[in-house]
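Visitor: I should like to understand the terms applied to this structure. Please set each value beside its criterion as we proceed.

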Amino acid sequence: MKSLLADADAAYGRGDFANALRISRPLAALDFAAAQNNLGFMYANGQGVTQDYAEALKWYQLAAAQNYAPAQYNLGFMYNNGQGVAQDNQKALELYLLAAEQGLPDVQTNLAFMYSNGQGVEKDLANAAHWFERAAVQGNATAQFNLACMYLDGDGLDANAKTARHWFESAAAQGHSYAQFSLGSMLSQGRGVPQDQALAVKWYQLAADQGDAPAQYNLALMLGQGQGIAQDEHEAFKYYKLAAAQGHVDSHYNLAVMCAQGRGRSDTTEPDMAKAIEHYRFAAALNHPAAQFNLGIMFANGHGVVQDSAQAFQWYQMAADQGLAVAQFQLATLYQTGQGVDVNPEQAIHWLQLAAQQQHPQALCNLGLLYSSGQGLAQSDLLASHCYQQAAARGDSLAQYNLGLMALVGQDNEPPPTQAMVWFEKAAQQGLALAQFNLAVGLSFGQDRELARSWFKAAADQGLSEALYNLAVMQTQDARQLQACDPPSPDAIGDALRQARQLYQTSADLGDSAAMHNLGVMHALGQDTPQNLQQAAGCYETAAAQGCAAAQYALATMLASGEGIEADEVRSDQFFELAAAQGHLEARLQVLRSQTRTAKAKTEGTELNAAYLLAADKGDPSAQFNVALMYETGQAGAPDAVQAAHWYKQAADAGFASAQFNLGAMLANRQVPCTDDRQVLHWYQAAADQNQPDALFGLGLLYFQGRAVAQDMTRAVQYLKKASDLGHRRAQFNLGWMLAAGLGSDPDPAQALHQFRQAAQQGDPAALYSLGRLHWLGDLLAHDPAQALDYYQQAAALGDTAAQFNLGFMHANAQGTEQNYQLALHYYRLAAGDGLVPVLAHEAATDDQVLGTAMDVA
């Protein structure tokens, strides 16, 4: 009988199922369990017969009843999988236990899986480990692999990397690809074993050759990086393709990066953007966040695809929703700038905060900027500093620079404190031009002039006009020192002046007014160029128009003398006054001299003053008003508020409307004692009753503030409307603000805009700023950064510091205009008055900020 069973097994092994069936059937009828099991197996798998689970079940049951272990296992498998019988994991477990106790390693392995997964029994990792180990010692590779995993992770037994490695090696030696991969991973990471990249490569290679996708991916990584094997991007590309063909998402991503960069292919080094897009899309469809982010950048910049801001936004959103910090930061930038989505400051802050929570340095830096400026968040230097500190600790150069600026606050023209210099140096070493410049300025206070020069040069090489100017000044100083030498060296002096002039010219071309002024000086003195007063005057005029006080003084002098330019006393006086207003000492002296020259005219004016006094004493209200005005403004000598108020009251009592308003204003501003604001209300009301515009505006403010009257927004709007209709620009602006906010009436956006525009047409800086802000936010007006820029420029020219600050931000971050750090610096300085320098924000991602090859080991 044994020979017949052997014949049946041999026939089955050859695939001769008909003969195997012919031999097994009579033996099964004679209750030979092995033959019954064979018949059951052939019926279960349709080998030599039509597949018939019921017939298979019958023969398995007959053999299992004889305690034949393979049949018990096969019957358990049918219960486990619901083949020919209702699925019953508990029954399967009972049958597996019977077979396992007879020592069958495959059965023991399946039983371990049931305990591990809680199938038919409560999950029991300790029992799973027990059965895996019984099968493993019998050489079952699957059991060896799973037992190794449990030892490595400490599941169901104490973690033991050494024992894990033993079982991984046992399974790997039998060609178990998962074990080969896991062994490679342990060795590559040094997880519980000495790190050995070369040996890791060996095991990855064995698994990869069996088609294991994670092993192919990790082998490609090591080939690309030259870890444990000679670097070979062509081979890396090949293995990425093999893994990608099996749907391995990270391999698709890395192939995309390599295709976009023209790497890895043996036939070309040209980028293949079509293939890159194809692989990115595959990975992105499987929710690979970095692939989604890179697609966003490509659509944003039109790199390999048609530029599409809306598509870019969608890909960024997908990546951000998965928690990718760089995508969250980018999404915040889009909400701030309105690229591909409506401007939404609240959403911008939301995504910035999410990215900052993950310690994204650029997000932390920009969040610090918002806290510093109070834009969208309550102003807090403490929170700004905290954000900057976190970003700076992660190497963010702008945050380091901004911390340096914060350390400068209140230092005036003293040498920068040590902490400021420390932060400037950190940022400077990373190549930030403004930090290099400020570091050089700080070093200029000390003795290390050449180190200062080197940092000025580093910033100048990046086109920073202030650095070019300072380098030119140093060259001019060098020339003076050379002239003092005995004997002087004409060639060396000439070289120094030539370099100075070239540097001044480059800086002036970038809009630096001080450099343009100094070019004028060199033309006027004939330094490194023939003397040319006309050229000098042209330089002075350009720099004067840019607000340079020294140039305004020099131009005024030339206009006064007619040297190099046609004499013009009126323009000369104007430029002297402009320079004097900026504190230029010589200009102030010149203005005083001019005032002395007009003393005679003032003496003649005194006779007019006397005439006003005489008429005022006789009760003429117009004369009384003019006398009051002379006392208030100092035209009758030193200003005298008491006398001014006295004469205003005389005229006011006579019903002179302008006097009534001016008296009310003096009381309101406490230029004279006022114990009861109802006096202010009285005189404003008296003038307003005569439709005096300033008084109507003043009454509107009193009702808005609830000063001297109960607060009444409706009456405030009424008075502001009357003043507005009379052309009062401040009333127009304030009325626009109230109508926009719905204060004192229903919100009326159209009328609010009308009022803002009327005020702006009259040159009201607050109205111009507001129109710019509305265009920036897309609130009431379409989001239009270019239009916002135009309004801000008009407001900034009239001295509005908020507009100046926003212009600095827009030029620094290329919002509505090309990026221009020099103009940004100019506007920030205007806004800061005594010299707070710009706080910069990070800008949108560009092509060179595409995320690179994935580095995680699978």
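Guide: Helix α21 is mostly covered, with 10 of its 13 residues buried. The model is a predicted one.

Visitor: Which residues of α21 are buried?

Guide: The buried residues of α21 are Gln362, Ala363, Leu364, Cys365, Asn366, Leu367, Gly368, Leu369, Leu370 and Tyr371. Buried means a relative accessible area under 20%. These residues pack against α19 (325–337), α20 (345–357), α22 (381–393), α23 (397–408) and α45.

Visitor: How do you know that the span of α21 agrees with its number of residues?

Guide: At 1.5 Å a residue, the 13 residues of α21 (residues 361–373) should span 18 Å, and the end C-alpha atoms of the helix are 18 Å apart; therefore the two agree. Glycine 374, with a positive phi near 75°, follows α21.

Visitor: Why is α17 called largely enclosed by the rest of the structure?

Guide: Helix α17 is described in this way because 10 of its 13 residues are buried. The buried residues are Ala290, Ala291, Gln292, Phe293, Asn294, Leu295, Gly296, Ile297, Met298 and Phe299. They pack against α15 (249–261), α16 (273–285), α18 (309–321) and α19.

Visitor: What span should the 13 residues of α17 have, and how far apart are its end C-alpha atoms?

Guide: For α17 (residues 289–301) the span should be 18 Å at 1.5 Å a residue, and the end C-alpha atoms lie 19 Å apart, which agrees. After α17 comes glycine 302, whose phi is positive, near 65°.

Visitor: What makes aspartate 528 partly exposed?

Guide: Aspartate 528 has a relative accessible area of 22%. Buried requires under 20% and exposed requires over 50%, so a value in between is called partly exposed. Aspartate 528 therefore counts as partly exposed. This residue lies in the loop between α29 (513–525) and α30 (533–545).

Visitor: What is the phi of aspartate 528?

Guide: Phi of aspartate 528 is near 60°, a positive value in a residue other than glycine. Most residues other than glycine have a negative phi. Arginine 670 is not a glycine either, and has a positive phi of about 60°.

Visitor: Is arginine 670 buried, partly exposed or exposed, and what is its relative accessibility?

Guide: Arginine 670 counts as partly exposed because its relative accessibility is 41%. Its place is the loop between α37 (657–668) and α38 (678–688).

Visitor: Why is glutamine 755 called buried?

Guide: The relative accessibility of glutamine 755 is 2%. The cut-off for buried is under 20%, and glutamine 755 therefore counts as buried. Glutamine 755 is placed in helix α42 (residues 749–761). Leaving aside neighbours within four places in sequence, glutamine 755 is in contact with Ser724, Gln732, Leu735, Gly736 and Leu739.

Visitor: What makes glutamine 819 partly exposed?

Guide: Glutamine 819 counts as partly exposed because its relative accessibility is 34%. It lies in the loop between α45 and α46 (821–832).

Visitor: Which helices cover the buried residues of α9?

Guide: What covers the buried residues of α9 includes α7 (105–117), α8 (125–136), α10 (161–173) and α11 (177–189). Helix α9 is mostly covered, since 10 of its 13 residues are buried. Among them are Phe145, Leu147, Met150 and Tyr151.

Visitor: Which residues of the largest nonpolar core touch the most other members?

Guide: In this core of 224 residues, they are Phe168, Tyr240, Tyr280, Phe293, Tyr401 and Tyr792. Helix α9 (residues 141–153) gives the core its largest share, eight residues. Apart from it lies another core, of 46 residues, including Val627 and Tyr719.

Visitor: How are α43 and α45 placed relative to each other?

Guide: The axes of α43 (residues 765–777) and α45 (residues 801–812) come within 10 Å and cross at roughly 35°. Their crossing is left-handed. Tyr769, Arg773 and Trp776 in α43 meet Ala802, Ala803, Asn806, Phe809 and Met810 in α45. The residues of this contact divide into six nonpolar, one polar and one charged.

Definitions and conventions: Residues numbered from 1 in each chain as written. Predicted model: local features only at pLDDT ≥ 70, side-chain atom pairs only at ≥ 80, totals over all residues. Heavy atoms only, no water. Core = buried A, V, L, I, M, F, W, Y, C linked by side-chain atoms within 4.5 Å. Buried < 20%, exposed > 50% of the residue type's maximum accessible area, 1.4 Å probe, protein only. Helix = DSSP H or I, 4+ residues; strand = E, 2+ residues; numbered from the N terminus. Axes fitted to C-alpha atoms, helices over the stretch in contact; angles between N-to-C directions. Left-handed = near helix turned anticlockwise from the far one by under 90°. Contact = heavy atoms within 4.5 Å. Nonpolar A, V, L, I, M, F, W, Y, C, P; charged D, E, K, R; others polar. Expected span 1.5 Å × (residues − 1).
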